[in-house]
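Subject: Handing over a structure, with notes

Dear colleague,

I am passing a structure on to you, and I would be grateful if you could look through it with the notes below at hand. The notes follow directly after it.

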Amino acid sequence: PVAAALGLVSGGTVFLLIALAQRGGMGMGDVKLAAVGGALLGYPLILRGLFWGIVAAGGAALLLLAMRRVGRRSYIAYGPYLALGIGITMIGSWGF
């Protein structure tokens with residue numbers, strides 16, 4: 001329970017600070033998803049989940065830019081990549 005609470009607070013806080021620092025750069029749904037992922041994974045595994053989500057989103061953004069599907073000012077949904085990072089970490093740490 002302590003690791004889950006720390007994960008919820010740390011995951012939510014990291015993304016809340018990002019959302020507040022850059023208005024329109026990240027939605028509150030992403031903040032909530034990071035908090036729930038933190039409750040599922042606990043601390044410190046949520047940091048690994050967020051890392052893999054960021055890596056997945058960055059790779060997809062680079063691929064979409066290279067294919068000229070999006071421009072530098074385009075919005076890309078972040079939630080699926082965040083969920084992928086949380087899922088990868090969950091599978092890797094829980095041994096599924």
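Before the helix pairs are described, please note that axes are lines fitted to C-alpha atoms, for helices over the stretch in contact, and that angles run from 0 to 180 degrees between N-to-C directions. Helices here (H or I, at least four residues) are DSSP runs, numbered from the N terminus. This is a predicted model, in which local features need pLDDT of at least 70 and side-chain atom pairs count only at pLDDT 80 or more, while totals for chains, interfaces and linings use all residues. Residues are numbered from 1 along each chain as its sequence is written, and side-chain values use heavy atoms, with hydrogens and water left out.

I begin with α3 and α4, which pack at an angle of about 135°, their axes being 7 Å apart. That angle makes α3 oblique to α4, where angles under 35 degrees count as roughly parallel, over 145 as roughly antiparallel, 65 to 115 as roughly perpendicular and the rest as oblique. The crossing of the two is right-handed; a crossing is called left-handed if the near helix is turned anticlockwise from the far one by less than a right angle, and right-handed if clockwise. On the α3 side, L45, R48, G49, L50, W52, G53, A56, A57 and A60 meet Y81, L82, L84, G85, I86, T89 and S93 of α4, contact meaning heavy atoms within 4.5 Å. Sorted by class, this contact has ten nonpolar, five polar and one charged residues, with Ala, Val, Leu, Ile, Met, Phe, Trp, Tyr, Cys and Pro counted as nonpolar, Asp, Glu, Lys and Arg as charged, and the others, Gly among them, as polar.

The other helix pair in these notes is α1 (residues 2–21) with α2, whose axes are 6 Å apart and which pack at an angle of about 160°. That makes α1 roughly antiparallel to α2, and α1 passes α2 in a right-handed crossing. The contact is made by A4, G7, L8, G11, G12, F15, L16 and A19 from α1, and by M28, D30, V31, A34, A35, G38 and A39 from α2. By class, the contact of α1 with α2 has ten nonpolar, four polar and one charged residues.

Next come the aromatic rings. Rings of Phe, Tyr and Trp (its six-membered ring) pair if their centres lie within 6.5 Å, and planes under 30 degrees apart count as stacked, over 60 as edge-to-face and the rest as tilted. By this rule the count comes to two aromatic pairs. In one of them, the ring centres of F15 and Y78 are 5.9 Å apart and the planes stand at 35°, so the pair is tilted. This pair links distant parts of the chain, since F15 is in helix α1 and Y78 in the loop between α3 and α4, 63 residues apart. Both F15 and Y78 are buried, where buried means under 20% relative accessible area, exposed over 50%, and partly exposed in between (1.4 Å probe, protein chains only). F51 and W52 form an aromatic pair that is edge-to-face, at 5.1 Å centre to centre and 70° between the planes. F51 counts as partly exposed at 47% relative accessibility, and W52 is partly exposed as well, with a relative accessible area of 37%.

Two backbone features deserve a look. Most residues other than glycine have a negative phi, and most peptide bonds are trans. Y43 and P44, however, are joined by a cis peptide bond, with omega about 10°, and P44 has its place in the loop between α2 (28–41) and α3. R68, in the loop between α3 and α4 (79–94), has a positive phi near 60°, and R68 is exposed, with a relative accessible area of 74%.

Finally, some residues of the helices and their distances. L62, found in helix α3 (residues 45–66), is exposed with a relative accessible area of 60%, and the C-alpha atoms of L62 and P44, 18 residues apart along the chain, are separated by 28 Å. G59 also lies in helix α3 and is partly exposed at a relative accessible area of 38%; G59 and Y81 are 22 residues apart in sequence and 9.9 Å apart in space, C-alpha to C-alpha.
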